[in-house]
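This report covers side-chain packing, charge pairs and ring contacts. Keep the structure open as you read.

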Amino acid sequence: MSFTLSFDHLLRLSDGTGVLEHARGSTPRRECGYCVDDVARALVVISREADPSPPLARLGESCLAFLTHAQGADGRFHNRLSYDRRWEDEPGLDDCWGRALWGLGTAAARHRDPWVREDAARAFAASARCRSGWQRAMAFAVLGAAEVLAVRPSDTAAQALLADGAKMLGRPTAKAWPWPEARLSYANALLPEALLCAGDILGDEAVLNDGLDLLGWLLETETHDGHLSVTPVGGWGPGEARPGFDQQPIEAATLADACARAFRLTKDTRWSEGIVRAADWFRGRNDAATPMWDPATGGGFDGLEPNGRNANQGAESTLAALSTMQQAGWIAARAPALAR
């Protein structure tokens, strides 16, 4: 399961402002600008690194500055910034708010540098008082709150945010279709991972078990002939044909993250095997038998198609690959038999 973890393409997509959202092939598309969604993902990935290279460390600092610049006085976030540094939207409480809190919470808990941890914690607190009406936005915020509470268990703002988020998260429904939504959509494993966070920290065994049940069902549903066959960009519902395309790398990455959390909580090898499947999806064990990671550039490809892949290497796809490889390296170090 070996990958050489290369941040070359992430750095290629980045500058002193932030992370450019899109690429044509491996060439950044400056005309598409930046977004909080990708900058927050980058801050998560960088904060997980115990010893980032100097360029990667500087990018982490730029990501923190970008998020605090996007943050309004009321805790809401802009999302899209043009290349000439003009905000293209109004501040809101949708997914970018949740992802920003995830990034800030992760930096507050895990970043190597104390000053980054402190500044990220202050920025997290300024937006943790807000609440979103969107389920996935709240789920991302729960992940950020869980990171903060791992190092600051008495943080009242993070406690309240996690508790409120847990109330919004869908619980399993009928056995035939236990998913709390009518269809699978995007970043699906985020929902069970947030339940795992909430159940663990709140000491609520029922919520924790709900998260494990939903994650197990999702992993089984998104597995075909021993490899991942993830939900396509258009979603998937009961009775619809599989496989579906365009499959997105973020689906494999969120499964890897959720399975890593489940493994930490249970030590069940079912979840370590899920991480291996997610990493293998990038290696080419997928419905098109096509690698989704470019070792020459360090980039992740944007989508899996019936006969190959989208050759563009945007920020979301590259960060999804890097995140998955981080989890794969983590599990291989703890379960050497899984390395291959």
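## Tryptophans and their partners

Trp236 has a relative accessible area of 11%, so it is buried (under 20% relative accessible area; over 50% is exposed, and partly exposed lies in between; 1.4 Å probe, protein chains only). Trp177 is buried too, at 15%. This is a predicted model, in which local features need pLDDT of at least 70 and side-chain atom pairs count only at pLDDT 80 or more, while totals for chains, interfaces and linings use all residues. Residues are numbered from 1 along each chain as its sequence is written, and side-chain values use heavy atoms, with hydrogens and water left out.

The whole structure holds 9 aromatic pairs. Such a pair needs ring centres of Phe, Tyr or Trp (its six-membered ring) within 6.5 Å; planes under 30 degrees apart are stacked, over 60 edge-to-face, and the rest tilted. Trp177 and Trp236 make a tilted pair, 5.8 Å centre to centre with 50° between the planes. Their positions are 59 residues apart: Trp177 is in the loop between helix 7 and helix 8, and Trp236 is in the loop between strand 6 (227–228) and helix 10. Helices (H or I, at least four residues) and strands (E, at least two) are DSSP runs, numbered from the N terminus. The charged end of Arg242 sits over the ring of Trp236, 4.5 Å from its centre. That label requires NZ of Lys or CZ of Arg within 6 Å of the ring centre and within 35 degrees of the ring normal.

## A second ring pair and a cluster

How are the rings of Phe263 and Trp330 arranged? Their centres are 6.1 Å apart and their planes are at 85°, so the pair is edge-to-face. Phe263 belongs to helix 10 and Trp330 to helix 12 (residues 315–334), so the contact ties together parts 67 residues apart in sequence. Both residues are buried. Trp330 also has the charged end of Arg264 over its ring, 4.2 Å from the centre. Elsewhere, Tyr34, Phe66, Tyr83 and Trp87 form one aromatic cluster.

## Salt bridges

Side chains of opposite charge can pair when their charged atoms come close. Here a salt bridge is a side-chain nitrogen of Lys or Arg within 4 Å of a carboxyl oxygen of Asp or Glu. The count is 20. Asp257 and Arg48 form one of them, at 3.2 Å, N to O. This pair spans 209 residues, from Asp257 in helix 10 (residues 249–266) to Arg48 in the loop between helix 2 (36–47) and helix 3 (54–70). Asp257 and Arg48 are both buried.

Glu193 and Arg261 meet at 2.8 Å, N to O. Glu193 lies in helix 8 (residues 190–202) and Arg261 in helix 10, so the bridge joins parts 68 residues apart in sequence. Both are buried. Arg131 and Asp164 also bridge at 2.8 Å, N to O. Arg131 is partly exposed at 29% relative accessibility. Asp164 is partly exposed at 30%. Arg24, Arg29 and Glu31 are linked in a salt-bridge network.

## The nonpolar core

The largest nonpolar core has 109 residues; Val19, Trp97, Leu104, Phe124, Leu161 and Leu215 have the most contacts inside it. Helix 6 (residues 135–151) gives the most to this core, with 11 residues. A core is a set of buried Ala, Val, Leu, Ile, Met, Phe, Trp, Tyr and Cys residues joined through side-chain atoms within 4.5 Å.

Beyond its neighbours within four places in sequence, Trp97 is in contact with residues including Phe77, Arg131, Met138 and Leu161. Contact means heavy atoms within 4.5 Å.
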